[in-house]
Amino acid sequence: MNEKQIERLLKAARGEPAPLPPKDLERRVLRAIHHERRETSLVDHLSRLLPRLAASAALMIVLCLAADFCLANLLQPDLDSGLTQLAEEWLFAAK
Amino acid sequence: MTDDDAELLARIRNGATDDFSEFVRRHQSQVVAILYRYERQRHTLEDLAQETFLKAWRSLAQFDGRAPFAHWLSRIAVRVALDHLRKTKRQKNEISLAELGEEALDWLRNPDERQELESRQAAELLAVAMRELSPAEQVVLTLQELEGLSIKEICARTGSSSVAVRVRAMRARNKLRKTLERMAGELK
């Protein structure tokens with residue numbers, strides 16, 4: 001196969017007309033765009049919501065720790081003795 | 001960029017998403033024509049055209065309007081085609097003469113001066129022979145030989161250096177010649 005023959009082949013291929021675009025291409029593209037925007041907005045919502053949830057959870061943990069600390073130090077009896085009392089009164093009441 | 005395109009782009013950037021369909025209407029023939037050089041199956045071609053416009057939509061913010069919108073869009077179409085060739089290269093690597101029409105096979109047997117090949121048959125024959133080329137070589141050869149672009153224009157479309165484009169073009173043409181010779185040899 002020489003260069004001239006390849007050139008003829010390329011020249012013939014160059015002349016091939018492209019097919020017509022699909023009739024519903026605009027509709028398909030718009031549908032895909034809207035679909036993508038919906039997905040993006042869901043991700044946006046989540047990314048806005050997640051820091052708030054994390055902050056709320058952190059605040060709750062701090063409050064629980066503070067409450068436990070206060071209860072442990074200020075109130076008597078503490079949780080251990082309360083449990084012991086419960087056990088004596090209810091669980092071993094039959095004795 | 002034409003005034004019409006600039007005005008339309010401004011409307012889309014201000015939130016009129018549905019106006020993007022006007023861009024699709026204006027440029028769909030050009031996009032399909034580019035992609036058809038790389039993918040001949042109708043269904044896949046339509047998917048690639050959709051993907052091209054979707055990518056254009058995603059990166060619309062990066063379009064600065066200095067070059068015509070059509071040029072910018074054709075760069076995206078070429079990139080989509082290149083990605084597609086890379087994906088399909090793993091599946092469609094073998095050359096099968098059975099895919100070719102009788103006219104193309106006759107031409108391969110005897111590519112003499114008198115016998116002119118019909119454009120569709122020639123394009124099919126080229127598409128099959130080009131499977132031996134790497135995706136980047138296919139793109140360069142297509143842009144240079146079928147689209148008639150200059151080295152500078154190919155660099156702009158592909159983002160490659162002019163040295164890389166020249167080397168790929170030369171290598172692609174050599175590979176194409178050898179492949180066609182091998183295909184012709186198999187027929188004898």
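Helices (H or I, at least four residues) and strands (E, at least two) are DSSP runs, numbered from the N terminus. This is a predicted model, in which local features need pLDDT of at least 70 and side-chain atom pairs count only at pLDDT 80 or more, while totals for chains, interfaces and linings use all residues. Residues are numbered from 1 along each chain as its sequence is written, and chains are lettered from A in the order in which they are written.

View 1. Chain A has 3 helices and 0 strands, and along its sequence the pattern reads α-α-α. Its radius of gyration, taken over C-alpha atoms, is 37 Å, well over the 12 Å that the globule rule (2.2 Å times the number of residues to the power 0.38) gives for 95 residues, so chain A is more spread out than a compact globule. Along the principal axes, the C-alpha atoms of chain A fill a box of roughly 110 × 35 × 30 Å.

**View 2. The crossing of helices α4 and α7 in chain B.** The axes of α4(B), residues 69–89, and α7(B), residues 135–146, come within 9 Å and cross at roughly 140°; axes are lines fitted to C-alpha atoms, for helices over the stretch in contact, and angles run from 0 to 180 degrees between N-to-C directions.

**View 3. The residues between α4(B) and α7(B).** The contact, counted where C-beta atoms placed from the backbone lie within 7 Å, is made on the α4(B) side by V78(B), A81(B), L82(B), L85(B), R86(B) and K89(B), and on the α7(B) side by P135(B), A136(B), Q138(B) and V139(B).

Technical notes
Two residues are in contact if their C-beta atoms, placed from the backbone, lie within 7 Å.
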